[in-house]
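Please describe this protein for a reader who has not seen it before.

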Amino acid sequence: MNAPSTDFPTRLTFAQAQAIVHAVAAEQRLPAVNVPVARAVHAVLAQDVVAGIDLPSFDNSAMDGFALRAADAGAGVALHLIGEQFAGPTRGLHVGAGECLRITTGAPLPAGADAVELKENVRVEGDRVHLPSALAVGRNVRRAGEDVRAGDVLLRAGMRLHAAQASLAAAVGKAELAVAQRPAVAVFTTGDELREPGQPLAPGTIHDSNRSLLTNLLVAEGLDPVAWPILPDDPARMRSVLRDAGDAFDVVLTCGGVSAGEKDHLTGILAELGRIHFWKVRMRPGMPLLFGRLGRAQMFGLPGNPVAVLATFLMFARPLLRGLQGDTTSLAPMHAQLATPLSKTHDRREFQRGKLAFGNDGVLRVHPHPATGSHRLRAAADSDCLIVLPEGALDWPAGQVVEVVRY
Ligand code: AMP
Ligand code: MG
């Protein structure tokens with residue numbers, strides 16, 4: 001069981017493995033669905049959003065005050081107050097020479113008026129409004145179309161939306177947006193040694209921490225994962241549960257059971273039930289990573305060690321999930337200077353943990369964590385990024401610019 005035939009790619013370079021993940025994501029793009037604009041955050045747009053109207057769509061007041069003709073204004077001038085126009089439907093009022101209107105922020109500027117004097121700057125006596133000074137045309141007025149012009153492309157397909165982008169779509173009148181369907185993701189943790197947090201630990205057992213690592217990473221992606229009860233290292237049970245999951249989900253994530261131990265069954269099961277895209281990547285941690293197709297799902301068999309789970313999720317599972325949604329905007333790499341030297345003992349790509357901080361010279365530096373074992377969850381918790389040490393070089397001096405992946 002744990003010695004699957006190897007008629008699939010194995011021991012890939014990091015770049016080869018990533019290329020396969022990107023190709024699979026591009027082939028398996030999820031369909032578009034309409035969602036209410038108010039629920040579109042984190043979703044990936046499947047359409048361009050083109051403005052159908054100007055923003056502002058009419059000249060309006062930027063302040064609470066008095067709408068007037070700038071040509072009338074001056075120190076000691078008193079204008080005749082003829083009415084009011086508050087924010088809301090336009091009342092069709094007209095400001096003539098020597099006149100003004102009480103106005104509130106966002107109210108349409110009445111015909112004839114071309115400036116607004118602030119409420120707190122004037123003195124009102126009955127229907128006389130005394131001005132403090134002259135006023136330029138356009139003062140405290142927001143012009144139609146100064147923010148957006150009808151016909152502007154505001155948002156592009158492939159953008160992962162943040163809240164201000166969704167609200168811009170609402171401002172130009174969109175009630176719904178076509179976005180990529182979010183992948184349905186199942187999470188499995190495996191191992192006879194695992195116990196739920198909250199349960200007592202018998203000797204030799206540990207709490208399942210990877211489930212909350214994975215589900216929280218997925219929630220941070222805007223997804224709503226389904227986590228299964230812990231799977232024991234029982235191939236028959238794994239086979240039946242995974243077969244069901246492969247039919248019901250877009251992506252299946254397992255962790256543990258993909259290395260070469262006596263209890264590592266998942267590679268054999270995936271070879272039997274589905275198709276393996278690759279097994280094992282020349283990286284550290286995370287070398288035993290397994291990727292394949294299971295029913296209609298794409299499956300990642302992540303390694304069991306917590307830091308390996310973090311690294312393989314961030315470097316492979318997250319790009320798959322984003323790629324399936326057609327995300328083109330959130331994958332740009334980030335760089336920082338090493339605060340202290342780093343070295344590695346092999347030529348594989350390595351991911352170490354570090355903490356990012358701007359120095360008082362304004363330079364972003366990453367402070368490597370001294371604990372490097374892939375079981376050292378606390379070191380990952382005390383850090384906030386992975387430091388990428390590419391293939392080849394073994395020694396990395398302080399000051400070297402390296403890629404970092406925030407989590
Ligand atoms: P495995 O790949 O199954 O051999 O697991 C590698 C290491 O990761 C072992 O020390 C496991 O006990 C540990 N491990 C596996 N799954 C989990 C989990 N869900 N939570 C915490 N540690 C785990
Ligand atoms: Mg295990």
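The accessible surface of the protein comes to about 18,500 Å², and carbon and sulfur atoms hold 52% of that area. These values come from a predicted model. Among the side chains, 40 are positive and 41 are negative, and the centres of the two sets lie 3 Å apart.

Seven helices and 29 strands make up the secondary structure of the protein. The radius of gyration is 30 Å, well over the 22 Å that the globule rule gives for 407 residues, so the protein is more spread out than a compact globule. The C-alpha trace spans about 95 × 50 × 45 Å along the principal axes.

Of the 407 residues, 46% are buried. Among contacts with a separation of 6 or more, 71% are between residues 24 or more positions apart.

The largest nonpolar core has 41 residues, and those with the most contacts inside it are Leu-253, Phe-300, Phe-313, Phe-316 and Leu-320. Helix H6 gives the largest share of this core, twelve residues. Elements that give two or more residues to the core include those in the table.

| Element | Residues |
|---|---|
| Helix H1 | 14-27 |
| Strand S14 | 185-189 |
| Helix H3 | 210-220 |
| Helix H6 | 306-324 |
| Strand S27 | 385-389 |

Which residues of helix H5 (residues 266-273) are buried? They are Leu-266, Thr-267, Gly-268, Ile-269 and Leu-270. Their cover includes helix H4 (235-248) and the strands S18 (251-255), S19 (275-281), S21 (290-294) and S22 (297-302).

Note on methods: Residues numbered from 1 in each chain as written. Chains lettered and ligands numbered in written order. Predicted model: local features only at pLDDT ≥ 70, side-chain atom pairs only at ≥ 80, totals over all residues. Heavy atoms only, no water. Helix = DSSP H or I, 4+ residues; strand = E, 2+ residues; numbered from the N terminus. Rg over C-alpha atoms; globule rule 2.2 N^0.38 Å. Buried < 20%, exposed > 50% of the residue type's maximum accessible area, 1.4 Å probe, protein only. Contact = heavy atoms within 4.5 Å. Areas by Shrake-Rupley, 256 points an atom, 1.4 Å probe, with all protein chains shown as cover. Lys, Arg positive; Asp, Glu negative; His and termini not counted. Charge placed at Lys NZ, Arg CZ, Asp CG, Glu CD. Core = buried A, V, L, I, M, F, W, Y, C linked by side-chain atoms within 4.5 Å.
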